[in-house]
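Here is a short briefing on one protein model. Look at the sequence and the 3D view, then work through the topics below.

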Amino acid sequence: MPTNQTTAVSELAALAPQLRAALTRVHYDTDTLLQALGEPAHTALGRSEPVPARRAARAADELGTLVRLLLLGDAMPEREVAAALAPVDLDHAVAAGLLDRDGDRVRAALDLRPLDLGHGVRWVLSDLDDGMRRRTLTADHVLGVGQASLSLLRATPTAPVGTVLDLGTGCGVQAVHAAGYAETVTGTDVNRRALRLAEATAALNDLDIELLEGSWFEPVAGRRFDQVVANPPFVVGPARVEHTYRDSGLALDGASELVVSRAPALLNPGGTAAMLAAWVHVDGEDWRTRVSSWLPDHGVDAWIVQRDIADPALYVGTWLRDAGLDPRDPQAQEQAERWLDAFAAADVEGVGFGFVYLRSIDGPTEVLAEDLTHGFDDPLGPEATAYFRRSAWLRAVGADEDLAWTSRFEVDPATALERVALPGGDGWEQRVVRLHRGDGPRWQHEVDDTAAALLAGMRADGLPLQELVELLAIGHTGTTATPEFRASALAVTTGLVRHGLIRPA
């Protein structure tokens, strides 16, 4: 069973073996749900439209009963629920807080849904949201698997490691995910209710996860980990706490600053952090400079990826709705006024959101902060691992430039060359030469014809960079490469290596 610093095993966690047996028997898993409901109804469920899913669930026997009970929030006949959840005793389930009685019917008191996190089916317990029924969230509400959680799941490196810290574990979904690639997992949270549900989630999945109560880094003071993951209460706004899952009590982007600045001290040598974060865009200030300033001067290789920017009004409206508030209600409007006043007082023009990846290194801190606002399909987790591997090679080049000049390079098979020409007075006139990476983040680099020719000569069994550049210079200018030509060629090469369009052979 999970370790919990603060409480004995809860009734809900004690119910886990019987509940797991019921869910397994009924095949309450992602693949079977999709098959039973069908694609249109399953998609409607994701849009919080219950009717199509309810109609499909009526023909799905006991699985359909659990869909209506646990995913749609329907009050179901006690006899049907007892059959679907056998061997769970319904009185025990009510006492544990999993179910509520509603006359002669039974309702779910918690959200319980299956996920496929890459290591087989996992079940996650959380508080009910307002997806299927309108409700106002309490201050200690434990958020389920929302879009932010899913984004971090897809963006987390999953190479095998020894120890993982899930900072602000909430319902425990990141910790459960980490249990698939780590030897030991520790989750922390300031919200005792969150730890109770995370404990039950771990028990339901038969996982041993250490759970510790406390604020920020206090529960793990003096400890280090191979990997840190964090979906902290990063919502940007006034210094207040209305919902612990999103509000930190720190003004503006203070929560993100705190986590990003202190996470490096928790990493073992070579350890990695993957975190969600948000930052304000202030008039006259580059967001890259702001976020970079949160990091120490030594010991960190940082890759900061901005995925989206929201204007203040859109940002406030989005988070009001997230808390179950209607922006048209007077109370919500008063809250919006205070929120926007805080933004105006700080000259906030927008709010950026994205991922912060950190790697513990022995050397001066290096930071690459960049926009990745275009669409792409592949998750960023494997890309972050590859980025840090490429970054380490580039650091070696910085220490010994001859490493690059004596290396052979090859163009990644997913890299494509695009030439854009527009009609002109003498026919087609080339305007842009662009390299596209066809996988991962799908980076694009504009290059010139000289750089395109350089890449054309790159082969794993070909010439080292130094000889390629000399041949290219002679072909273009009739003379050996000047220092400026060499510097330009090296800059193009290292830039394309950093984004994975070419690689050392």
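Which residues does R290 touch, not counting residues up to four places away in sequence? R290 touches D253, V280, V282 and E285, where contact means heavy atoms within 4.5 Å. This is a predicted model: local features need pLDDT of at least 70, side-chain atom pairs count only at pLDDT 80 or more, and totals for chains, interfaces and linings use all residues. Residues are numbered from 1 along each chain as its sequence is written, and side-chain values use heavy atoms, with hydrogens and water left out.

**R290 and its setting**

- R290 is found in helix α13, residues 287-292. Helices (H or I, at least four residues) and strands (E, at least two) are DSSP runs, numbered from the N terminus.
- R290 counts as buried because its relative accessible area is 17%. Buried means under 20% relative accessible area, exposed means over 50%, and partly exposed lies in between (1.4 Å probe, protein chains only).

**Salt bridges**

- The whole structure holds 28 salt bridges. A salt bridge is a side-chain nitrogen of Lys or Arg within 4 Å of a carboxyl oxygen of Asp or Glu.
- R68 forms a salt bridge with D74, and the closest N and O atoms are 3.0 Å apart. Both R68 and D74 are buried.
- R193 forms a salt bridge with D127, with the closest N and O atoms 2.5 Å apart. The pair links distant parts of the chain, 66 residues apart. R193 is in helix α11 (residues 192-204), while D127 is in the loop between β6 (121-126) and α9 (147-155).
- R193 is partly exposed, because its relative accessible area is 27%. D127 has 8% relative accessibility, so D127 counts as buried.
- R459 forms a salt bridge with D461, and the closest N and O atoms are 3.1 Å apart. R459 is partly exposed at 49% relative accessible area, whereas D461 is exposed at 59%.
- Salt bridges that share partners also join E383, R390, R437 and D439 into one network.

**Residues 26-109**

- UniProt lists residues 26-109 as "domain: DUF7059" in an unreviewed entry. UniProt positions are given in the numbering used here, feature names are shortened, and annotations may be inferred rather than shown by experiment.
- Over residues 26-109 the chain is 60% helix and 12% strand. The end C-alpha atoms of this stretch are 20 Å apart.

**A sheet and a helix across it**

- Three strands form an open sheet in the order β2-β4-β3, with antiparallel pairing. Two strands pair if DSSP finds at least two bridges between them.
- β2 (76-77) and β3 (99-102) stand at the edges, each with a single partner strand, so one side of each has no neighbour in the sheet.
- β2 pairs with β4 (residues 105-108) over two bridges. P77 has R105 in β4 as its bridge partner.
- Helix α6 (residues 61-71) lies across β2, β3 and β4, at about 65 degrees to β4. Axes are lines fitted to C-alpha atoms, for helices over the stretch in contact, and angles run from 0 to 180 degrees between N-to-C directions.

**Backbone details**

- A cis peptide bond joins A86 and P87, with omega about 15 degrees. P87 sits in the loop between α7 (78-85) and α8 (90-95).
- S48 is not a glycine, yet its phi is positive, near 65 degrees. S48 lies in the loop between α4 (39-46) and α5 (50-57).
- R442 also is not a glycine and has a positive phi of about 60 degrees. R442 lies in the loop between β17 (427-437) and β18 (444-447).
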